Amino acid sequence: MNKELLKFLCCPYCKDSLKMEARKIQIGNAYSDTCEDIVDGILLCLRCNNEYPVINGIPRLCKELFEQEKKELNKLKNITEVVIIRSKAIQNSDAYSQIEKIVRQRIKIPDNASGYLRKRLENDIYYRIKGCEKQEKYIKTLKLFCNHKLETILDIGGGQGGLIKSLTDFFHPTLSILLDYDLTWVEVARLRNPTVQIIRGDATNLPFKKGSIDLVISQMMLEHIKEYTKALVEMCEVAKETCFVCWGPNKFFIYDFGHLDAPVSIFPKKMAKYIAVLWHKIRKTRKSNTAIVDELENTHYISPLHVKKIFKNYGRPYNVFTNFALYSLENGYSENTKGIKHYLFIMRPIAKFIFKLLVFLRIEPQCYFVLKKGNGQAK
Ligand SMILES: [Zn+2]
């Protein structure tokens with residue numbers, strides 16, 4: 001972690017400032033001779049006495065530490081002197097083969113998987129290795145709202161780090177930050193982005209000072225957070241000017257394409273369970289009942305009205321689904337919907353009308369909102 005990052009950080013729980021106790025510092029990296037990176041250390045909150053380890057350059061800013069992180073923290077506590085090292089060789093070029101290895105270890109394709117399941121998993125694996133870097137539609141949408149130099153960008157729940165890579169390459173901020181809870185994905189994100197500041201943390205308790213980040217984004221993460229309202233409020237608090245959030249599916253759109261792949265979004269969870277199980281039985285996908293129940297448990301269907309209401313406390317919300325959908329016709333056809341997207345691309349005015357109608361009826365399949373913060377802070 002870059003020393004500069006400390007200016008933006010605070011205790012995720014009491015929001016007081018943090019004190020850095022470095023154990024290992026690296027001077028210089030592949031991009032600068034003078035920058036100082038904390039490799040190992042402890043971030044201390046003097047108010048609530050929480051200790052957050054920095055391990056291998058990644059600060060772990062949450063209370064729930066994994067066993068290996070706890071062990072590392074104890075080791076760091078027993079070290080008293082600071083080690084200073086010179087920069088290592090330039091980042092190796094085979095980052096992608098390392099990423100692929102990690103992703104395939106994490107997402108295993110069962111031997112008895114049906115053609116349907118195999119295809120879905122292979123698509124997922126490809127997305128996590130390379131596909132996640134194709135984000136022109138996000139850049140084009142955000143460009144409309146960020147028309148000056150951005151100093152800081154934060155991607156919450158940034159996963160494998162594809163979106164933060166394209167945003168960094170386009171906006172060239174002074175500091176790009178990615179936060180994710182998942183130990184595997186933060187490692188992947190770092191392999192992909194050697195200059196991005198990677199943090200392991202919790203979206204419902206963000207470790208950033210109020211109003212400290214120019215652009216805060218979260219892409220397809222919200223629906224996986226039980227306390228999504230709290231996560232939204234935290235995002236709005238941390239953002240200085242602009243906040244972008246998208247999730248799917250919309251609670252008012254019946255079909256869940258991204259997770260359950262069943263018509264369940266509008267139903268109460270208890271009912272949705274039976275519908276999803278039956279749906280997969282009929283289609284003979286061989287998806288197990290436990291997998292379905294697990295997935296349903298971890299997917300929350302959020303209404304656009306709810307998000308709009310929260311955003312209104314902080315400034316002006318914009319529904320950018322239409323822009324986004326039109327840009328997505330231009331870039332990044334997904335194989336599954338190639339036919340219909342190509343047709344809509346040719347008939348752009350009709351497509352635009354359809355997208356606007358979906359927004360008007362509040363049944364856009366996925367929701368895209370930008371918040372421009374006003375003078376008035378939260379009430
Ligand atoms: Zn604290």
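What follows is a list of stops, each with something to select and a note on what is there.

Before you click anything, know that this is a predicted model, in which local features need pLDDT of at least 70 and side-chain atom pairs count only at pLDDT 80 or more, while totals for chains, interfaces and linings use all residues. Residues are numbered from 1 along each chain as its sequence is written, and side-chain values use heavy atoms, with hydrogens and water left out.

**Stop 1: the sheet**

Switch to a cartoon view and look for an open sheet of 12 strands, with mixed pairing and the order β5-β1-β2-β3-β4-β8-β7-β6-β9-β10-β12-β11. The labels count DSSP runs from the N terminus: helices are H or I with at least four residues, strands are E with at least two. Two strands pair here if DSSP finds at least two bridges between them. Strands of a sheet pair through backbone hydrogen bonds, either parallel or antiparallel.

Now colour β5 (83–86) and β11 (315–319). These two stand at the edges with a single partner strand each, so one side of each has no neighbour in the sheet. From one strand to the next, the twist averages 20°.

Next, select helix α1 (residues 67–78), which packs on the sheet and touches β1, β2 (36–45), β3 (51–55), β4 (58–61) and β8 (197–201). Contact means heavy atoms within 4.5 Å. The direction of α1 makes about 95° with that of β3; such angles run from 0 to 180 degrees between N-to-C directions, with axes fitted to C-alpha atoms, for helices over the stretch in contact.

**Stop 2**

Pick strand β9 (residues 213–219). Why is β9 largely enclosed by the rest of the structure? Seven of its seven residues are buried, so the rest of the structure largely encloses it. Buried means under 20% relative accessible area, exposed over 50% and partly exposed in between, using a 1.4 Å probe and protein chains only.

On one side, β9 runs parallel to strand β6 (residues 152–156), joined by three bridges.

Then turn to strand β10 (residues 239–247), which pairs with β9 in the parallel sense over six bridges. Here V216 stands opposite C243, and I213 has A239 as its bridge partner. To get from β9 to β10, the chain goes through helix α7 (residues 228–238), making a right-handed β-α-β crossover. Right-handed means that, with the strands pointing away from you, the path from the first strand over the helix to the second runs clockwise.

Stay with β10, where seven of the nine residues are buried. Six bridges also join β10 to strand β12 (residues 367–373), and this pair runs antiparallel. Select W247 with C367, then C243 with L371, to see bridge partners across these two strands.

**Stop 3**

Most residues other than glycine have a negative phi, and most peptide bonds are trans. Go to P249, in the loop between β10 and α8 (269–282). The peptide bond from G248 to P249 is cis, with omega near -10°.

Jump to K15, in the segment before β1 (18–27). Its phi is near 65°, a positive value in a residue other than glycine. K15 is partly exposed, at 37% relative accessible area.

R286 sits in the loop between α8 and α9 (289–297). Is R286 buried or exposed? R286 is exposed, with a relative accessible area of 62%, and its phi is positive at about 60° although it is not a glycine.

**Stop 4: W279**

Select W279 in helix α8. This residue is partly exposed, with a relative accessible area of 30%. Leaving aside neighbours within four places in sequence, W279 is in contact with Y255, D261, A262 and P263.

**Stop 5: two helices**

Finish with helix α11 (residues 321–330) and helix α13 (residues 348–360), which pack at an angle of about 145° with axes 9 Å apart. Show the side chains: among the residues that meet are F321, L326 and L329 in α11, and A351, F355 and V359 in α13.
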